[in-house]
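Thank you all for coming. Before I start, please take a moment with the sequence and the model on the screen.

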Amino acid sequence: MRPTRAILSTIVGVGLAAALGTAPATAATPQQAAPTSYAQYSGSKAEASANKAFFEAVMKSVAAKRAANPGLRAVTVTYNASSAPTFRTQIARSAQIWNSSVTNVQLREGTNADFRYYEGNDSRGSYASTDGHGRGYIFLDYRQNQQYNSTRVTAHETGHVLGLPDHYSGPCSELMSGGGPGPSCTNPNPNAQERARVNQLWANGLASAFKPAA
């Protein structure tokens with residue numbers, strides 16, 4: 001859920017910090033030139049690719065844990081919110097929203113996390129990223145969460161964990177429309193199509209993740 005994007009190559013670099021268990025550079029070193037408005041949004045091929053890579057990294061992490069514990073029945077994605085204490089309520093609410101919306105995957109807070117949440121200031125706004133090694137993180141930007149409904153922002157970014165792309169031209173009733181409908185939109189819930197898509201991805205996607213490389 002971001003404004004018009006800058007080049008996303010820097011996101012890969014900050015992902016390495018997450019892999020090492022530290023906060024992204026943008027959280028440790030807040031940027032001074034953060035925009036005053038996130039009203040303008042636009043998608044890009046680079047962003048779509050980054051979101052897809054994030055989902056695949058999380059899925060592979062989950063698949064690896066399930067392969068090590070074949071007795072596990074439910075597909076559970078584990079997150080760590082310790083580095084985003086300001087948004088702990090919104091993160092918990094976001095997980096609750098998704099857990100009540102879909103049946104083929106559930107979000108749980110715990111150790112050995114598949115992804116983490118971080119907080120700070122970043123001119124790109126909030127975003128999802130991956131280190132390319134089976135781990136990822138969601139960054140929650142302070143200023144964006146002040147202008148837009150914070151639970152919607154968090155639930156939107158968490159939607160990327162579950163495989164949904166951005167669709168900024170959609171209506172407020174569509175969670176992945178993000179900031180497209182403007183700050184007045186406070187809906188934090190996925191619509192029927194989004195719920196169905198997540199269930200489909202996690203019903204069939206894990207089977208693909210288990211397939212050996214060709």
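This is a predicted model: local features need pLDDT of at least 70, side-chain atom pairs count only at pLDDT 80 or more; totals for chains, interfaces and linings use all residues.

Residues are numbered from 1 along each chain as its sequence is written, and side-chain values use heavy atoms, with hydrogens and water left out.

The protein has seven helices and five strands, where helices are DSSP runs of H or I with at least four residues, strands are runs of E with at least two, and both are numbered from the N terminus. Along the sequence they follow the pattern α-α-α-β-α-β-β-β-β-α-α-α. Of the 214 residues in the protein, 51% are buried, and by buried I mean under 20% relative accessible area, with exposed being over 50% and partly exposed in between, using a 1.4 Å probe and protein chains only.

Turning to the sheet, what is the order of its five strands? The sheet is open, with mixed pairing, and the order is S2-S1-S3-S5-S4; two strands pair if DSSP finds at least two bridges between them. S2 and strand S4, residues 127–130, are the edge strands, each pairing on one side only, and from one strand to the next the twist averages 30°. In general, strands of a sheet pair through backbone hydrogen bonds, either parallel or antiparallel, and this sheet shows both senses, since its pairing is mixed. Strand S1, residues 76–83, runs parallel to S3 and is joined to it by three bridges, with asparagine 80 having arginine 116 of S3 as its bridge partner. S4 and S5, by contrast, pair in the antiparallel sense over four bridges, and there serine 129 is partnered by tyrosine 137 of S5. Although S4 is an edge strand, both of its faces are covered, with Tyr127 and Ser129 buried on one side and Ala128 and Thr130 buried on the other.

Next come the helices. Helix H6, residues 150–161, lies across S1, S2, S3, S4 and strand S5 (136–141), and runs at about 160° to S5. The axes of H6 and helix H4, residues 88–101, come within 9 Å and cross at roughly 55°; axes here are lines fitted to C-alpha atoms, for helices over the stretch in contact, and angles run from 0 to 180 degrees between N-to-C directions. The contact, meaning heavy atoms within 4.5 Å, includes Ile97 and Trp98 of H4 and Thr154 and Ala155 of H6.

Finally, I would like to look at asparagine 112, which lies in the loop between strand S2 (106–109) and strand S3 (115–120). Most residues other than glycine have a negative phi, yet asparagine 112, which is not a glycine, has a positive phi of about 50°. Is this residue buried, exposed or partly exposed? Asparagine 112 counts as partly exposed, because its relative accessibility is 46%. Its C-alpha atom is separated by 7.4 Å from that of threonine 78, 34 residues apart along the chain.
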